[in-house]
Amino acid sequence: MTETASPAVSLRTRVTRLGPYLGAVQGYIGLVLVIAVGIITKGQYFWNQTNLTNAVAAFSSRGILAVGVTLVILTAGIDLSVGSIMGIGSLTAALLLVDHDLSPWLIVPASALVGAFFGLCNGLGTTVLRVQSFVMTLAMLSIVRGLDRQFSGNVAVGTAVVDEGGHPTPRAAEFANLGTPGHTLFQGTWLPLFGRAGIAYPVLAFVAVCIVFQLVLTKTRFGRHIYAVGGNPTAARLSGVNVTLVVVAVFTLSGMLAGFAGPIDAAYSASADPLAGTGYELDAIAAAVIGGASLSGGKGTITGTFVGALILTLLDNVLGLNAISTNAQLIIKGLIVVVAVVLQRPDFFRRISFRSRE
């Protein structure tokens, strides 16, 4: 005689089957919830163009870091050095502006190259020296931060360079466009999303980086190799994938993006502080994880990371508008990361179902 499943068991079964889908869309659910809370609690201050644009612009440098970190996480690695590398990229940009009066068109790629160098060191240390990525990038975090403080003399280098009349120099004014609030690009009504206010360069840079690397992951052989290495490096190697080259490449790209974010951060702050980027690696990793990237590798998208970065951006904004203390904000963000990681575990809902039957 066949037993008929009880309504309670049937419900548990449905919840179990829902688990993988919930983990896949957790970022989008979180984004909707944060927006809803913002509109309900501080609607007139939260849901307006100026506030949202400034919020995203402030977080854009960390969002760019998150894209690089996502590439590393997809190969089952971790990069803790991106905050420090962004800091030295910021210092590089400031020194090239102040001491050599270079154009931002030269400063940005130079800073990116500096970041790529340190990323390459991370990749070679992880593959050739066989140092675990956690240890290697933690050591690089310390090394680069020490170099940053040494070259800056432990003082901030201002980027608001002025001439004899007290007016910003042409180069300084161009550099300010990279991140200073109020400076926008592509002004005009032909951009309906941004209207007459235009679009801030940090937002444009962040969106462009996300689009480029999402296409790299989904449309190129290199992108497929990244997923293959993260999913099963042994199988990838037997399939002809140069695992060492892929790992070195993703760490180099992560460092390059961190260096690229340096001038944006320096322009936004109008200075290159020797402690710039401290703790940014945690926000970058959090954005990737909240967006669905698995720390075990082989799972995640740049689109998800973009959503995760938006969640952290708007969450900071909503909590700030509601006068929530900085300490409480850190606690809330930490709890959100834990929840995001738990929801990604494929056995989480099965365990809940099994225990409920006992």
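**Exercise 1. Is Phe206 buried or exposed?**

*Solution.* Begin with the cut-offs: buried means under 20% relative accessible area, exposed means over 50%, and partly exposed lies in between (1.4 Å probe, protein chains only). Phe206 has a relative accessibility of 3%, so Phe206 counts as buried. Now try Phe306: with a relative accessible area of 25%, Phe306 is partly exposed.

A word on the source: this is a predicted model, in which local features need pLDDT of at least 70 and side-chain atom pairs count only at pLDDT 80 or more, while totals for chains, interfaces and linings use all residues. Residues are numbered from 1 along each chain as its sequence is written, and side-chain values use heavy atoms, with hydrogens and water left out.

**Exercise 2. How many aromatic pairs does a search of the whole structure find, and what kind of pair do Phe206 and Phe306 form?**

*Solution.* Step one is the rule: rings of Phe, Tyr and Trp (its six-membered ring) pair if their centres lie within 6.5 Å, and planes under 30 degrees apart are stacked, over 60 edge-to-face, and the rest tilted.

Step two is the search, which finds three aromatic pairs. One of them joins Phe46 and Trp47, whose centres are 6.1 Å apart with 35 degrees between the planes, a tilted pair.

Step three turns to Phe206 and Phe306: their ring centres lie 5.3 Å apart and their planes meet at 35 degrees, so this pair is tilted. It links distant parts of the chain, with Phe206 in helix α8 (residues 201-219) and Phe306 in helix α13 (residues 302-321), 100 residues apart. Helices (H or I, at least four residues) and strands (E, at least two) are DSSP runs, numbered from the N terminus.

Finally, return to Phe46: its relative accessibility is 0%, so Phe46 counts as buried.

**Exercise 3. At what angle do helices α3 and α4 pack, and which residues make the contact?**

*Solution.* Two packed helices are described by the angle between their axes and the distance between the axes. Axes are lines fitted to C-alpha atoms, for helices over the stretch in contact, and angles run from 0 to 180 degrees between N-to-C directions.

Helix α3 (residues 49-74) packs against helix α4 (residues 82-100) at about 125 degrees, and their axes are 10 Å apart. That makes α3 oblique to α4, because angles under 35 degrees count as roughly parallel, over 145 as roughly antiparallel, 65 to 115 as roughly perpendicular and the rest as oblique. From α3 come Ser61, Leu65 and Val69, and from α4 come Val82, Gly83 and Met86; contact means heavy atoms within 4.5 Å.

One more stop is the loop between α3 and α4, where Ala76 lies. Ala76 is not a glycine, yet its phi is positive, about 70 degrees. At 42% relative accessibility, Ala76 is partly exposed.

**Exercise 4. Which residues does Tyr280 contact beyond its neighbours within four places in sequence?**

*Solution.* First place Tyr280: it is found in helix α12, and its relative accessible area of 18% makes it buried. Ten of the eleven residues of α12 (residues 280-290) are buried, so this helix is largely enclosed by the rest of the structure.

Next list the partners: Ser61, Arg62, Leu65, Gly83, Met86 and Asp265. Then look at Arg62, which lies over the face of Tyr280, 4.9 Å from the ring centre. The rule is that NZ of Lys or CZ of Arg must be within 6 Å of the ring centre and within 35 degrees of the ring normal. Tyr280 and Arg62 are 218 residues apart in sequence, but 6.2 Å apart in space, C-alpha to C-alpha.

Arg62 is also one of the contacts of Asp316, along with Phe59, Gln329 and Lys333, leaving aside neighbours within four places in sequence. Asp316 belongs to helix α13 and, at 18% relative accessibility, counts as buried.

**Exercise 5. How many helices and strands are in the protein?**

*Solution.* The protein has 15 helices and four strands. Of its 358 residues, 47% count as buried. Among contacts between residues at least 6 apart in sequence, 75% join residues at least 24 apart.
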